[in-house]
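Please open the structure in your viewer and keep the selection tool at hand.

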Amino acid sequence: MAIDMSQFFQVFFEETEELLTEKEKLLLAIDVADPSMDDIDAIFRAAHSIKGGAATFGLTDMTEVTHILESLLDKIRKGEMSLTAEHVDVFLSANDILRMLRDGHRDGAAVDQDAVNEVLVRLASLSEKAASQPSLPPPNRPQVAPLPELL
């Protein structure tokens, strides 16, 4: 019995749109000077989910973009680099590229490979800057009281 993979692709494409929309909303509202770690975590999770789905379906172009994006967001989450306006700009551009790639895979829409390459270069440049920066203090996260020990 053959499995119709189109239904799984459709779910991935719909979920990707929801994640890209949420990521875009968070990026447009983020305070670069004092970003909410909850928002950074949500943006990271969206990129991570898109990367995982793209990898599952063998969509290597989407996986490549989200892999670099996810790595940068993880550095910000861990306090290894500060969020800048340049990050937000490139992350929003990467969102547009991911939508274009998704449309290419889903609908056969044209993909501007030069635009894809430009975003990859910009993401890689941010990664190189991060590697050359000294570590920052860990992000300010609320402390959670330890649970009492059970007898």
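The model is predicted, so local features need pLDDT of at least 70 and side-chain atom pairs count only at pLDDT 80 or more, while totals for chains, interfaces and linings use all residues. Residues are numbered from 1 along each chain as its sequence is written, and side-chain values use heavy atoms, with hydrogens and water left out.

Now switch to the cartoon display. The protein has five helices and zero strands, in the order α-α-α-α-α along the sequence. Helices (H or I, at least four residues) and strands (E, at least two) are DSSP runs, numbered from the N terminus. Of the 151 residues, 38% count as buried; buried means under 20% relative accessible area, exposed over 50%, and partly exposed in between (1.4 Å probe, protein chains only).

**The core**

Select M62, V65, L69, F91 and L123, the residues with the most contacts inside the largest nonpolar core, which has 41 residues. Such a core is a set of buried Ala, Val, Leu, Ile, Met, Phe, Trp, Tyr and Cys residues joined through side-chain atoms within 4.5 Å. Two or more of its residues come from each of α1 (6-29), α2 (37-56), α3 (60-77), α4 (85-107) and α5 (113-132). The largest share, nine residues, is given by α4.

Next, centre the view on V65. Not counting residues up to four places away in sequence, V65 touches A94, I97, L98, L101, L120 and L123, where contact means heavy atoms within 4.5 Å. Move on to A94, in helix α4. Is A94 buried or exposed? A94 has 0% relative accessibility and therefore counts as buried.

**Helix α3**

Select α3 alone. Its 18 residues should span 26 Å at 1.5 Å a residue, and its end C-alpha atoms are 25 Å apart, which agrees; the expected span is 1.5 Å times one less than the number of residues. The buried residues of α3 include T63, T66 and E70, and the cover over its buried residues includes α1, α2, α4 and α5.

Highlight E70, which counts as buried because its relative accessibility is 8%. Apart from neighbours within four places in sequence, E70 is in contact with F44, A47, H48 and K51. Just after α3, find G79, which takes a positive phi of about 80 degrees.

**The rings**

Finally, show the aromatic side chains. Rings of Phe, Tyr and Trp (its six-membered ring) pair if their centres lie within 6.5 Å; planes under 30 degrees apart count as stacked, over 60 as edge-to-face and the rest as tilted. By this rule there are four aromatic pairs. F9 and F57 form a tilted pair, 4.4 Å centre to centre with 35 degrees between the planes. Because F9 lies in helix α1 and F57 in the loop between α2 and α3, this pair ties together parts that are 48 residues apart in sequence. Ring pairs link F9, F12, F13 and F57 into a cluster, and both F12 and F13 are buried.
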